[in-house]
Amino acid sequence: MWRRLFAARKAPTRPAPAPPIVAVAPVVPEREAAPPLAVVEDRFHRFVLGLPPAVGETASAAEQATLRRLEAIGERFDVSGLPRLPSVLPQLLRALRNDNLAGSQLAAMIGRDPVLVGEVMRVAGSAHFRSAQPIHSLQHAVVLLGRDTLRRVATLHVMKPILQASAGMRGHMAGPWLWEHAERCAHAAAFLGRHGGCDPFEAFLAGMVCHTGTGAVVRLLDQEAPPSLGPFSPVFLAGCMRIGARLSLRAVRHWEMPANVIEALVERVNAPQAPASSLGKVLACADPLAMVQLLVERELLDAELDYRGTWPTCFPAPVLLRGQQDLRRHFMPGPA
């Protein structure tokens, strides 16, 4: 009994401590890398021309001969045969740089082109600019839109028929796609221009006109390329687009575009040498941004791919990502 009463009491056993809980971050799968820039450009040009995928990588003897013939024709290309810009556009662009010009004077200048009047009134009445009071005059629309928007509207109005003008089977297909690319390229260039220290309108203008010569090359292919060439090799197609870049440069000089725009297109002709000017860097990135956007819209590229390795390195990757997102918001409204 005494032993039971005075025996040392055993401490109650305690359960063993649970192992510490270690938070495990969810595994986020890496996005698949997008194709390199050269592949994206080749895919875009095949889309514009309605061509199937390439069969081989190297240019055949027939393609090399055709390319030499196209280069010779391109050197002799008479830029005076290009459409002249309507006189109202250069006058209007100069006037819009004058802060002292009244809205009534701008309205009078725009009023000389009935189609441009309709476009200005249409944009002013759109949901983006809709005001509490109905638009009752052209002058009211001019004041509502502001100078930057007027410059863009006037440029779009003038350049659309020029870029869409086409002849021949391939040209008939290419014109609308080149115009859609021009809209997206101009939008992307204006966005990047604000980050690159450029005049946003000059950036917009450079993006709009950078593929002007591509339409001329498309027409030359209709006339000069024999049917036996087939779907064209990537080397041959890239050579054709270099000719197009040189013709675009001759066109902007013919149209007396601003000096910065001409310089940016000179640098584009000199690719793959990296551009040195601010606007040249903008154009080098805006062009593929627009290509990818148009191919994504047509379900020829996956929107979820990681395009950081596709873009040129002229801008930081976050800026280019925001530019890509801005294009999608503008040209793919809704959940997409």
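Here are some questions and answers on this predicted model.

Q: What percentage of the residues in the chain is buried?
A: The cut-off for buried is under 20% relative accessible area. The chain has 336 residues, and the buried share of them is 46%.

Q: Is Asp 42 buried or exposed?
A: Asp 42 sits in helix H2, which spans residues 37-49. Leaving out residues up to four places away in sequence, Asp 42 touches Pro 234 and Leu 237. Its relative accessible area is 16%, and the limit for buried is under 20%. Because of that 16%, Asp 42 is buried.

Q: Which helix gives the largest share of the lining of the largest pocket?
A: The largest pocket has a volume of about 1100 Å³. Among its 36 lining residues, Leu 37, Glu 41, Arg 268, Ala 271 and Pro 272 are the closest to its centre. H2, H11 (234-254), H12 (259-269) and H13 (278-297) each supply at least two lining residues. The largest share, nine residues, comes from H11.

Q: How many residues in the lining of the largest pocket are nonpolar?
A: Sort the lining by class and you get six polar and nine charged residues. The nonpolar count in that lining is 21.

Note on methods
Residues are numbered from 1 along each chain as its sequence is written. This is a predicted model: local features need pLDDT of at least 70, side-chain atom pairs count only at pLDDT 80 or more; totals for chains, interfaces and linings use all residues. Side-chain values use heavy atoms; hydrogens and water are left out. Buried means under 20% relative accessible area, exposed over 50%, partly exposed in between (1.4 Å probe, protein chains only). Helices (H or I, at least four residues) and strands (E, at least two) are DSSP runs, numbered from the N terminus. Contact means heavy atoms within 4.5 Å. On a 1 Å grid over the protein atoms alone, a cavity is a set of points where a 1.4 Å probe fits but cannot get out, and a pocket is an open set with protein on both sides within 12 Å along at least five of seven lines; lining residues have an atom within 4 Å of a point. Grid points are joined across faces, edges and corners, and a volume is the space filled by probe spheres set on the points. Ala, Val, Leu, Ile, Met, Phe, Trp, Tyr, Cys and Pro count as nonpolar, Asp, Glu, Lys and Arg as charged, and the others, Gly among them, as polar.
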